[in-house]
Amino acid sequence: MISARIRKKASLMHSLLAADAALPAASRYTLVAFVGYMAGVFLLGALSHKLLQRGSFLKEYFLGDRKLNAWVLSLTYVATSVSAGSFVGFPSLIYVHGWVMALWIAGYMVTGLVSKGALAKRLNQVSRLSGAITVPDVLRDRFQSPALGTLASVFLLIFLLFNLVGQFKAGGLIMKQACGGVADTSTYQVARQATSGMLTHLHIWDSETADKHARDFRGSEYPDYVLGMLIFALTVVAYTTYGGFWAVTWTDVLQGLMIVAGALLLMFLALRHVGGLANATEKLRAIDPSNLSLLTGPGPDNYLGLGLAVSYFMLWTLGSMGQPVGMVRLMACRDTPTLRRALFMIGIFYAAIYMPLVIAFVCARALYPTEYLANSDAIMPAMAIAMTEDMPLLGGLILAAPYAAAMSAVAGFLLLMSSSLVRDIYQRNLNPDISPRQVRRITYLTTAIVGIIVTLAALWPPDFLQYLIIFTGAGMACTFLAPMVLGLYWRRATREGALAALLTGFATVAVLWGLGVLGVGKKGLMGPAGKQFAPLYLLGLDPLFHGLVLSFAAGIVVTWFTRPLPAKHVDRYFLADDRSA
């Protein structure tokens with residue numbers, strides 16, 4: 001009871017302090033750097049479109065005809081997985097919780113070697129042998145089950161929709177900040193007034209009630225967010241629809257380089273402003289001298305206890321292995337030697353991104369002890385602008401890093417959603433004789449429609465960006481990892497076992513998150529377990545742990561009690577020459 005009161009008072013104090021903390025204003029040159037970056041993105045999209053004229057449209061549009069080399073594979077994999085959560089949500093958590101977040105993210109440094117190294121070669125081989133283009137394709141063909149493929153597509157669409165809304169929110173916030181330097185121009189004001197009028201006409205928002213939400217997301221700056229989000233949506237949906245996998249892949253290369261450069265630059269600038277890492281650590285010590293919660297584990301409010309530390313290590317390693325967007329990248333690889341080189345490079349890129357981010361936003365807490373505690377998702381764009389007040393072009397390039405992270409993630413997810421709808425549901429179930437020309441048209445239309453739907457959903461964005469991304473990551477891992485691993489490595493695995501694994505993993509995560517959001521078992525809890533948008537942590541462990549254990553158990557048990565697939569079909573995947581990989 002006492003701890004609850006203390007937390008409530010602290011939260012109120014932080015809100016009052018943060019209410020007066022305005023985001024630093026961006027320069028017009030910041031937007032110039034942004035426009036230059038976007039021009040490069042569209043140029044790559046146009047060049048990628050020409051590649052669609054060769055070979056099979058489906059293989060080119062969704063897999064790049066399986067011709068990714070090591071550098072391209074590693075950069076596109078990193079850029080897609082390092083989403084807006086990494087550049088907006090993760091810095092927010094570092095700013096609030098301090099050094100313990102280095103332990104929170106530690107598993108990511110080895111995820112390429114540990115998890116993808118176990119899955120990559122066999123997945124690439126099996127997808128080539130079956131001619132699979134999507135992850136549901138692989139499951140459907142390996143287990144000879146249209147129902148399994150369709151169900152996998154439906155679950156994939158559900159998780160990606162949740163994730164995309166969070167990414168669109170981040171893109172809108174970053175673009176809003178980048179446009180700050182031109183907010184007083186007539187062009188921007190006309191666009192803002194049109195956006196405001198549209199929101200008022202649709203009864204989504206109006207200026208008369210905006211003052212009531214002064215400290216809320218839907219306050220007076222809500223039209224600026226919506227305008228920024230619309231610009232973001234138009235950009236990413238247009239180049240993804242037009243260029244397909246090659247557009248996403250080559251822009252991922254550009255965006256991957258931007259992400260690495262942005263993280264490193266921001267770290268060096270933050271260290272310069274705070275006077276070195278030792279000075280930043282001393283300032284964090286002064287914020288909480290009695291408990292030193294910002295310097296040691298488990299962090300403020302017991303944020304990262306032992307159970308959650310183990311859970312997050314599993315999430316970033318085993319959970320990462322079960323992400324369909326990463327699986328598609330592995331299916332598109334050229335050959336096995338390329339996979340080996342790429343998996344090693346992925347670990348280097350992750351270290352070059354996440355270690356600098358931890359250092360940069362530990363410095364941010366030292367520079368702004370309380371200013372952004374009530375709106376910590378804003379700390380990334382705030383730091384990018386504040387650290388480069390005398391170098392606005394550089395500020396624009398740094399701000400482009402989180403924008404690039406959001407764009408690359410959204411593009412990859414849009415491609416997955418359109419492939420699930422066009423290939424897995426429409427072509428393979430409803431119209432198998434569709435012509436290539438019709439496939440092309442429906443694919444373009446589907447990608448655009450999905451983008452529009454997510455744009456509309458992002459008008460009511462979530463308040464908990466990073467936790468939403470954790471939910472979708474854990475959900476996809478528990479749903480797809482067990483059936484995929486069983487199918488790739490166990491000859492005896494049956495379609496019923498794969499279906500049981502898929503359903504059990506999905507149901508476990510859905511039930512534990514549903515109970516958590518309803519507040520079951522949260523009384524008196526602190527840290528992530530006490531958040532409104534957080535799951536029920538049974539035994540102090542994330543639902544990922546329970547979901548994976550139950551999913552694998554269900555798949556194995558049901559397999560032993562069901563009839564195996566014909567040996568001739570299974571031999572196709574297990575007696576193939578390794579050179580086919």
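Trainee: What share of the 581 residues in the protein chain is buried, and what makes a residue count as buried?

Mentor: Buried residues come to 58% of the 581 residues in the protein chain. The word means under 20% relative accessible area, while exposed means over 50% and partly exposed is in between, using a 1.4 Å probe and protein chains only. Keep in mind that this is a predicted model, where local features need pLDDT of at least 70, side-chain atom pairs count only at pLDDT 80 or more, and totals for chains, interfaces and linings use all residues. Residues are numbered from 1 along each chain as its sequence is written, and side-chain values use heavy atoms, with hydrogens and water left out.

Trainee: How many helices and strands does the protein chain have?

Mentor: There are 23 helices and zero strands. Helices (H or I, at least four residues) and strands (E, at least two) are DSSP runs, numbered from the N terminus.

Trainee: What is the reach of helix α9 set against?

Mentor: Against an expected span, which is 1.5 Å times one less than the number of residues. Helix α9, residues 146–178, has 33 residues and reaches 47 Å from its first C-alpha to its last, close to the 48 Å expected. Helix α21 (residues 495–517) has 23 residues and reaches 33 Å, close to its expected 33 Å.

Trainee: How many residues of α9 are buried? And which ones in α21?

Mentor: In α9, 24 of the 33 residues are buried, making that helix mostly covered. The buried residues of α21 include Gly497, Leu502, Phe506, Val509 and Trp513.

Trainee: What about Met38: buried or exposed?

Mentor: At 10% relative accessibility, Met38 counts as buried. Met38 sits in helix α2 (residues 28–51). Beyond its neighbours within four places in sequence, Met38 is in contact with Thr235, Tyr403 and Met407. Met38 and Thr235 are 197 residues apart along the chain, yet their C-alpha atoms are separated by 8.1 Å. Across the protein chain, 85% of contacts between residues at least 6 apart in sequence join residues at least 24 apart.

Trainee: What makes a nonpolar core, and which members of the largest one touch the most others?

Mentor: A nonpolar core is a set of buried Ala, Val, Leu, Ile, Met, Phe, Trp, Tyr and Cys residues joined through side-chain atoms within 4.5 Å. The largest has 162 residues, and Phe87, Trp104, Phe168 and Phe361 touch the most other members. Helix α12, residues 222–274, gives the most to this core, with 19 residues. Among the contacts of Phe87, again not counting residues up to four places away, are Ile259, Leu357, Met380 and Pro402.

Trainee: Why are α14 and α22 described as they are?

Mentor: Their axes come within 9 Å and cross at roughly 50°. Angles under 35 degrees count as roughly parallel, over 145 as roughly antiparallel, 65 to 115 as roughly perpendicular and the rest as oblique. The angle of α14 and α22 falls in the rest, so they are oblique to each other. By class, the residues of this contact are six nonpolar, two polar and no charged. Ala, Val, Leu, Ile, Met, Phe, Trp, Tyr, Cys and Pro count as nonpolar, Asp, Glu, Lys and Arg as charged, and the others, Gly among them, as polar.

Trainee: What angle do helix α8 and helix α23 make?

Mentor: Helix α8 (residues 135–143) packs on helix α23 (residues 567–574) at about 135°, with the axes 9 Å apart. They too are therefore oblique. Asp141, Arg142 and Phe143 in α8 meet His569, Val570, Tyr573 and Phe574 in α23.

Trainee: Where is Gln144 placed, and why is it called partly exposed?

Mentor: Gln144 is in the loop between α8 and α9. Its relative accessibility is 38%, which lies between the two cut-offs, so it counts as partly exposed. Gln144 also has a positive phi of about 50° although it is not a glycine. Most residues other than glycine have a negative phi.

Trainee: And His203: buried or exposed?

Mentor: His203 is exposed, because its relative accessible area is 75%. His203 lies in the loop between α10 and α11, and its phi is positive, near 60°.

Conventions: Contact means heavy atoms within 4.5 Å. Axes are lines fitted to C-alpha atoms, for helices over the stretch in contact, and angles run from 0 to 180 degrees between N-to-C directions.
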